[in-house]
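Please read the numbered points with the sequence and the model at hand.

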Amino acid sequence: MKKFLSVLLIGAYLLSACGNSAMSGHNDSGEGIEVRGVWARAGMAGGNSAAYMTLVNHEAQDDALVGVSSNVADAVEIHLSAMDANGVMSMTRQDKVIVPANGEAELKSGGYHVMIIGLKQDLKVGDHISLTLTFEKGGALNLTVPVQDSADAMDGMDMH
Ligand SMILES: [Cu+2]
């Protein structure tokens with residue numbers, strides 16, 4: 001029985017060694033997750049904001065945005081805006097945003113967005129806020145996000 005177990009362990013070790021070398025091959029040629037065009041909507045203390053960006057996956061396997069956090073608000077959540085049959089926009093909280101292998105996911109007004117709820121301070125155009133994104137496989141990414149004008153980004157303006 002003991003001999004059987006050690007054979008299994010060696011097998012598992014060989015499998016994981018194979019997996020690791022394949023992984024580092026991808027890391028050498030790619031850069032994991034890249035964030036393009038990130039910005040946050042201006043807002044007032046006590047109100048809400050939202051952040052938008054394009055997530056680019058340079059890896060050969062799917063990844064997913066699974067966590068969002070910032071010190072400028074009471075809560076930060078992944079949301080999806082959608083229009084119902086009556087033409088009314090509403091937002092629902094999501095567990096994740098899939099970022100397909102060698103593909104991208106767009107977080108934009110009227111779609112997926114990072115909802116910033118209960119601002120502790122005013123966010124004025126030209127300010128920068130810190131935002132941490134956590135990915136299922138890629139781990140945590142700390143961003144410095146510029147605050148921009150919000151004319152066409154209405155997610156959550158009159159909600160929460
Ligand atoms: Cu929202």
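1. Val 35 stands opposite Leu 55, a residue of strand S2. The two strands S1 and S2 are antiparallel and pair over six bridges; strands are said to pair if DSSP finds at least two bridges between them. Six residues separate S1 from S2 in this hairpin, and Gly 46 in the turn has a positive phi of about 90°. Strand S1 also has a parallel partner, S10, to which two bridges join it. In that pairing, Ala 40 stands opposite Val 147 of S10.

2. The model under review is a predicted one, in which local features need pLDDT of at least 70 and side-chain atom pairs count only at pLDDT 80 or more, while totals for chains, interfaces and linings use all residues. Residue numbers start from 1 along each chain as its sequence is written. The mean pLDDT of the chain is 83, and 76% of its residues reach 70 or more; pLDDT is the predictor's confidence in each residue, from 0 to 100. Over residues 5–29, however, pLDDT stays under 50, and the model has two contacts beyond four places in sequence for this stretch. Where pLDDT is low, the predicted coordinates should not be read in detail.

3. The chain contains one helix and 10 strands, in the order α-β-β-β-β-β-β-β-β-β-β from the N terminus on. Helices (H or I, at least four residues) and strands (E, at least two) are DSSP runs, numbered from the N terminus. Of the contacts in the chain with a separation of 6 or more, 69% are accounted for by residues 24 or more positions apart. A contact requires the C-beta atoms of two residues, placed from the backbone, to lie within 7 Å.

4. How many of the 160 residues count as buried? The share is 26%, where buried requires 20 or more other C-beta atoms within 10 Å of the residue's own, exposed 12 or fewer, and partly exposed a count in between, with C-beta atoms placed from the backbone. The largest nonpolar core has 28 residues, of which Ala 51, Leu 65, Val 114 and Ile 116 touch the most other members. Several strands each supply at least two residues of this core, among them S1 (33–41), S3 (63–69), S8 (112–119) and S9 (128–135). Strand S2 gives the most, with five residues. Such a core is a set of buried Ala, Val, Leu, Ile, Met, Phe, Trp, Tyr and Cys residues joined through C-beta atoms within 7 Å. In soluble globular proteins, nonpolar side chains tend to be buried together.

5. Leu 107 lies in strand S7, residues 104–107. Leu 107 counts as buried because 24 C-beta neighbours are inside 10 Å. Leaving aside neighbours within four places in sequence, its contacts are Tyr 52, Met 53, Val 97, Tyr 112, His 113 and Val 114. From Val 97, which is 10 residues away in sequence, Leu 107 is 8.9 Å apart in space, C-alpha to C-alpha.

6. Strand S5 (residues 89–93) is hardly covered, as the count of buried residues among its five residues is zero. Strands S4 and S5 run antiparallel and are joined by five bridges, with Met 89 in S5 as the bridge partner of Met 83. This hairpin has five residues between its strands, and Gly 87 in the turn has a positive phi of about 80°.

7. Which residue other than glycine has a phi near 50°? Asn 102 has this positive value, and it lies in the loop between S6 and S7. With 13 other C-beta atoms within 10 Å, Asn 102 is partly exposed.

8. Gly 126, in the loop between S8 and S9, is exposed because 9 other C-beta atoms are within 10 Å. Its C-alpha atom is separated by 9.9 Å from that of Val 145, 19 residues apart along the chain. Gly 32 belongs to the loop between helix H1 (2–29) and S1 and counts as partly exposed, with 16 C-beta neighbours inside 10 Å. Gly 32 and Asn 57 are 25 residues apart in sequence and 6.0 Å apart in space, C-alpha to C-alpha. Not counting residues up to four places away in sequence, Gly 32 touches His 58, Glu 59 and Gly 138.
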